[in-house]
Amino acid sequence: MAERAAIVTGASSGIGLAIAHVLGEEGHGLTIASRRAEKLEAAAAGLRDAGFDVEAVAANMASEDEIRAVVERHRERFGRLDVLVNNAGVGVGAPIGETETKRLDMQLDVNLRSIVLFYRECVDLLRAAGAEHRKALVVNTASIAGKTGQAWLSIYSATKFGVVGFTQSMNKELGTQGVKSCALCPGFVDTAMTDFVKQQVSPEEMIRPADIGEIVRALLRLSPACVVPEVVFQRPDEVL
Ligand SMILES: NC(=O)c1ccc[n+]([C@@H]2O[C@H](COP(=O)([O-])OP(=O)(O)OC[C@H]3O[C@@H](n4cnc5c(N)ncnc54)[C@H](OP(=O)(O)O)[C@@H]3O)[C@@H](O)[C@H]2O)c1
């Protein structure tokens with residue numbers, strides 16, 4: 001059994017999968033969770049092939065019950081939680097006058113509400129890890145859209161601003177208990193989520209999922225005294 005353990009949501013592709021690989025390399029047992037079971041199982045198989053200890057739980061992050069089930073399966077399998085990565089997210093573009101309530105609610109639920117619920121369900125495990133080594137870590141994938149408001153992605157932007165703010169609150173609330181939180185704020189990353197813009201911005205011009213993974217590796221290696229509340233990843237032509 002691995003000496004450290006992590007949960008990664010939205011780990012079936014893109015940024016979450018890259019972070020899961022880094023956590024595996026850094027000696028963590030992994031519970032990975034995302035919505036579509038088949039895609040998740042394929043990701044789990046790849047991680048196991050790399051030699052990692054992996055539990056895969058298909059779950060919709062819009063569902064409180066399914067979030068609870070992810071945490072329970074992790075607790076049963078690993079019994080500890082050193083790193084929580086709240087990464088699952090969705091973005092639906094629309095002008096404000098055409099915003100559909102169903103899509104508004106989905107983005108609020110998956111991008112923001114699920115993060116609150118994961119902290120609540122995991123806080124006892126995180127505090128226990130924090131008491132043991134003072135380096136429990138929660139990584140929340142926000143976005144550059146959580147640092148500057150985006151037209152036609154206003155709901156997505158609002159949820160990601162919420163993630164940045166909630167991360168600050170969690171550092172104030174849990175930081176002295178050895179639980180550090182960091183919001184990741186990338187610009188365009190070469191994943192399925194940016195397929196819509198790849199005719200204007202080529203994948204080669206985008207940030208790589210592995211770049212995000214390497215920052216998480218660095219966060220793991222910081223001393224307990226050093227909290228990094230957020231990391232902004234920019235492309236050269238989108239400097240804030
Ligand atoms: N790519 C970018 O340019 C960029 C920039 C800034 C921030 N981000 C953020 O990065 C995070 C990861 O996105 P990505 O770029 O890596 O895209 P991705 O490859 O499409 O990954 C999204 C992940 O989230 C999961 N997911 C989506 N909706 C879910 C739901 N309702 N319940 C459970 N899992 C769900 C997906 O699983 P399924 O496929 O099964 O739904 C997938 O594993 C998101 O929070 C996104 O907002 C991305």
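Serine 154 is found in helix 5, which spans residues 154-174; helices here are DSSP runs of H or I with at least four residues, strands are runs of E with at least two, and both are numbered from the N terminus. The structure is a predicted model, in which local features need pLDDT of at least 70 and side-chain atom pairs count only at pLDDT 80 or more, while totals for chains, interfaces and linings use all residues. Residues are numbered from 1 along each chain as its sequence is written.

Leaving aside residues up to four places away in sequence, serine 154 touches Ile96 and Gly149, a contact being two C-beta atoms, placed from the backbone, within 7 Å. Threonine 99 lies 55 residues from serine 154 in sequence, with 9.6 Å between their C-alpha atoms.

Turning to the sheet, 7 strands form an open arrangement in the order 3-2-1-4-5-6-7, with parallel pairing; strands pair if DSSP finds at least two bridges between them. Strand 3 (54-58) and strand 7 are at the edges with a single partner strand each, so one side of each has no neighbour in the sheet. From one strand to the next, the twist averages 15°. Strand 4 (residues 83-86) runs parallel to strand 5 (residues 136-141), joined by 4 bridges, and valine 85 faces valine 139 of strand 5. Strand 6 (residues 179-186) likewise pairs with strand 7 (residues 230-233) in the parallel sense over 4 bridges, with cysteine 185 bridged to valine 232 of strand 7.

The helices can now be placed against this sheet. Helix 5 lies across strands 5, 6 and 7, at about 165° to strand 6, where axes are lines fitted to C-alpha atoms, for helices over the stretch in contact, and angles run from 0 to 180 degrees between N-to-C directions. Helix 2 (residues 37-49) lies across strand 2 (28-34) and strand 3, at about 175° to strand 3.

Finally, the axes of helix 3 (residues 64-78) and helix 4 (residues 101-133) come within 10 Å and cross at roughly 30°. Residues making this contact include Ile67 and Val71 of helix 3 and Leu117 and Phe118 of helix 4.
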